[in-house]
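Work through the exercises below with the structure open beside you. Try each task before you read its solution.

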Amino acid sequence: MRLIINGEAQDICAKTLSELLRLMDYEGEWLATAVNGELVHREDRADHALDENDRIEILTPMQGG
């Protein structure tokens, strides 16, 4: 399935946001996620189904300043 992840088109076989994060090795990390501009909370990721051409943003915290 084609997904737009952080602005880059990628072909990834994931049915849910949780599965996508696991495939991309983000599982267990502190991060924020949004699908098509809508925030998806950590507890909702396993139930959030993905569709063709969804726009996904994955944000990780940075230290420093």
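**Exercise 1. In which sense do strands E1 and E5 pair, and over how many bridges?**

Solution. This is a predicted model.
Step 1. Find the two strands: E1 covers residues 2–5 and E5 covers residues 55–59.
Step 2. Read the direction. E1 and E5 pair in the parallel sense.
Step 3. Count the bridges. There are two between E1 and E5.
Step 4. Pick out a partner. Isoleucine 4 has arginine 55 in E5 as its bridge partner.

**Exercise 2. In which sense do E1 and E2 pair, and which residue of E2 stands opposite leucine 3?**

Solution. 
Step 1. E1 and E2 pair in the antiparallel sense. Four bridges join E1 and E2.
Step 2. The residue opposite leucine 3 is glutamine 10 in E2.
Step 3. Look at the turn. The hairpin of E1 and E2 has two residues between the strands. Asparagine 6 in this hairpin takes a positive phi near 50°.

**Exercise 3. Describe how E3 pairs with E5 and with E4.**

Solution. 
Step 1. Take E5. E3 and E5 pair in the antiparallel sense, over four bridges. Here alanine 34 stands opposite glutamate 57.
Step 2. Take E4. E3 and E4 also pair in the antiparallel sense, over three bridges. Threonine 33 stands opposite valine 40 in E4.
Step 3. Check the link. E3 and E4 form a hairpin with two residues between them. Asparagine 36, in that turn, has a positive phi of about 50°.

**Exercise 4. How many salt bridges does the structure hold, and which residue pairs with aspartate 11?**

Solution. 
Step 1. Side chains of opposite charge can pair when their charged atoms come close.
Step 2. Count. The structure holds one salt bridge.
Step 3. Name the partner. Aspartate 11 forms a salt bridge with arginine 2. Their closest N and O atoms are 3.1 Å apart.
Step 4. Compare the distance with the cut-off of 4 Å.
Step 5. Check the surroundings. Aspartate 11 is exposed, with a relative accessible area of 58%. Arginine 2 is partly exposed, at 33%.

**Exercise 5. Is valine 35 buried or exposed, and which residues does valine 35 contact?**

Solution. 
Step 1. Locate valine 35 in strand E3.
Step 2. Use the cut-off: buried means under 20% relative accessible area. Valine 35 has 5%, so valine 35 is buried.
Step 3. List the contacts, leaving aside neighbours within four places in sequence. They are Leu17, Val40, His48, Leu50, Asp54, Arg55 and Ile56.
Step 4. Take one of them. Histidine 48 is 13 residues away along the chain, and its C-alpha is 9.1 Å from that of valine 35.

**Exercise 6. How far apart in space are alanine 49 and lysine 15?**

Solution. 
Step 1. Alanine 49 is in the loop between E4 and E5.
Step 2. Alanine 49 and lysine 15 are 34 residues apart in sequence. In space they are 5.7 Å apart, C-alpha to C-alpha.
Step 3. Not counting residues up to four places away in sequence, alanine 49 touches Lys15, Thr16 and Asp54.

Notes: Residues are numbered from 1 along each chain as its sequence is written. This is a predicted model: local features need pLDDT of at least 70, side-chain atom pairs count only at pLDDT 80 or more; totals for chains, interfaces and linings use all residues. Side-chain values use heavy atoms; hydrogens and water are left out. A salt bridge is a side-chain nitrogen of Lys or Arg within 4 Å of a carboxyl oxygen of Asp or Glu. Buried means under 20% relative accessible area, exposed over 50%, partly exposed in between (1.4 Å probe, protein chains only). Two strands pair if DSSP finds at least two bridges between them. Contact means heavy atoms within 4.5 Å.
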